[in-house]
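Please open the structure in your viewer and keep the selection panel at hand. The tour below goes from stop to stop, saying what to select and what is found there.

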Amino acid sequence: MRPYAATEIDTWDLTADVVIAGYGVAGASAAVEAARTGAEVLVLERAGGWGGAAALAGGFVYLGGGTGLQRACGFDDTPEAMAAFLVAAMGPGADPEKITAYSEGSVAHFDWLVGCGVPFRPVFYGEPAWEPAADEGLMYSGGENAHPFDEIAAPAPRGHLPRMENKRTGERGGGYMLMKPLVETAGRLGVKARYGVRLDGLVTERDGTVCGVVARGFGERVTVRARRGVVLATGSFTYNEAMLAAHAPLLVGRPGSAVEEHDGVGVRLAQALGAGVAHMDACEVALHMDPQYLIRGIVVNGRGQRFINEDTYPGRIGQAALFQQANQTFLVLDEEGFEEARRVSAAPEVLQLRPAWVCGTATELAAETGLPPGALEATLDVYNRHAEQGRDPLLRKAARWLRPLRGPLGAVDLRGMTSGFALGGLTTGLDGEVLHVDGEPIPGLYAAGRATAGIAAWGYASGASLGDGSFFGRRAGHAVALRR
Ligand SMILES: Cc1cc2nc3c(=O)[nH]c(=O)nc-3n(C[C@H](O)[C@H](O)[C@H](O)COP(=O)(O)OP(=O)(O)OC[C@H]3O[C@@H](n4cnc5c(N)ncnc54)[C@H](O)[C@@H]3O)c2cc1C
């Protein structure tokens, strides 16, 4: 992990102005912008091809403030409303400066993506879902239109999805159609890529400036000189068990929503140079189910009590379940709710739900699921009494989704359904410059994507990763290319 001194390197095998480690969304965005700014760019990618987690992703890019896609779908939005939402939803601890820059630059970033050839179909998808049923381009992806955010900022859908024909959730998603045009644009701009080459170390001048990297390709050591600087775009530490255990232990043993190459190497190499880190305990958490079911029922904890409005962003329910309810949660739904969800659901079979227990009464169901006697009954009594009047004074689920739950009840065991990825990483400035623990930039070192702490801290919205990875990756590419 410790840096190599430039004096230790006898010969440089490769040289470029800008050396980027990782060819996922942050690396590709940095590559395009560095090349456009006039730099000779070399990308080192550990895997056999470009893409990273980004190419497997559903493809949400969190953008707003009045993008062309929002306007084409008939939605008004402002950078101020977007920033107000993000500050409330990404925190506590979200970086207000990054959020302001991101929100103010969002319309231009959307245009930049379109200019790189990323296609978006101007159709809004308004159903509760993790992703649209087909190739619709715009969706609410962070609970903007649910309590409490609908009162904090004017709601607008900001989940922008690249168009993927014949899309199949979990198999072929919009992330590929984000990555392909970006990498093709980079190629047209003369960006060179080396695959099967893994960043192993950073090289520094006597004054601490990062001037190259040591990598490993097919068993051989490769030394690469970077005339202007190095960009770390190697992803998160989700697949580093030791780092998870140290920083985000609740993710240990859960499936990681990332690729195995996310081993935290970029974070550790920069830490060895004195870089600061932030929000290392923060995680995105997914609940593997169609929200059409969640929204029609009540989600209760191990004490049989509701703890969140079920019409919010399902990732927020996942975070609350894992971090605040010890992952002891159940979905309770009546027959009408199950049948309706199944009828309207456009999600694949793997996200469809079946109850683990079905009982004639709440008392029997509580006994079957092991909930304390009387608790679920009391919860249902309060919920149903208010639902009859179209209200949810406890947690403010929208009236549209309120209906007393009656007759035979089923409970879905949500305990094994969470997975996620780490959100924490290097502290960076607005141009991707990696900041030393003293707050000053480490000369020649830049980073973007999930190797960094981005706009999301404790909270999350779908699209925040591809969004901040591409946005700050692009800024990092521009800034490093201007270094002399
Ligand atoms: C199934 C799934 C769905 C998702 N859906 C969404 C979504 O809809 N919206 C959203 O915002 N996010 C989504 N995410 C998360 C998102 O894909 C990632 O957080 C995002 O890709 C991170 O960007 P990145 O550039 O940091 O990492 P990546 O895109 O993964 O790129 C990192 C690259 O670095 C390479 N690398 C790693 N180590 C080295 C090394 N030592 N040397 C050289 N190269 C290295 C990796 O191989 C990889 O290609 C999803 C993730 C998954 C798995």
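Which atom of Ala 54 lies 3.2 Å from an oxygen atom of the ligand? Select Ala 54 together with the ligand, and you will find that the atom in question is a backbone N or O atom. Please bear in mind throughout that what you are viewing is a predicted model.

**Around the ligand**

Now widen the selection to the 36 residues around the ligand, among which Glu 45, Ala 53, His 262, Arg 450 and Leu 466 come nearest. If you colour this shell by residue type, it divides into 18 nonpolar, 13 polar and five charged residues. To see where the shell comes from, show helix H1 (25–36), strand E3 (41–45), helix H2 (52–56), strand E9 (197–204) and helix H16 (464–482), each of which supplies at least two of its residues. The largest share, four residues, comes from H2.

**A sheet of four strands**

Next, select the strands of an open sheet, whose order is E4-E7-E6-E5 and whose pairing is mixed. At its edges you will find strand E4 (61–62) and strand E5 (124–125), each of which pairs on one side only. Between strand E6 (residues 138–139) and strand E7 (residues 159–160), which run antiparallel, there are two bridges. Selecting Met 139 shows it standing opposite Gly 159 in E7. In general, the strands of a sheet pair through backbone hydrogen bonds, either parallel or antiparallel.

Move on to the loop between helix H4 (79–90) and helix H5 (96–104), where Pro 92 lies. A cis peptide bond joins Gly 91 to Pro 92, with omega at about 0°. Another cis peptide bond, again with omega at about 0°, joins His 147 and Pro 148, and Pro 148 is found in the loop between E6 and helix H7 (149–152).

Then select His 279, in the loop between strand E12 (277–278) and strand E13 (283–287). What is phi of His 279 near? It is near 50°, a positive value in a residue other than glycine.

**The whole protein**

Finally, zoom out and colour the protein by its two parts, domain 1 (1–287 + 419–484) and domain 2 (289–416). The centres of domain 1 and domain 2, taken over C-alpha atoms, are separated by 35 Å. Where the two domains meet, select the 27 residues of domain 1 that are in contact with 30 residues of domain 2.

Key: Residues numbered from 1 in each chain as written. Predicted model: local features only at pLDDT ≥ 70, side-chain atom pairs only at ≥ 80, totals over all residues. Heavy atoms only, no water. Near = heavy atom within 4 Å. Polar contact = N/O pair within 3.5 Å; in protein donor to acceptor, adjacent residues only side chain to side chain. Nonpolar A, V, L, I, M, F, W, Y, C, P; charged D, E, K, R; others polar. Pairing = 2+ DSSP bridges. Domains from an automatic or database assignment. Contact = heavy atoms within 4.5 Å.
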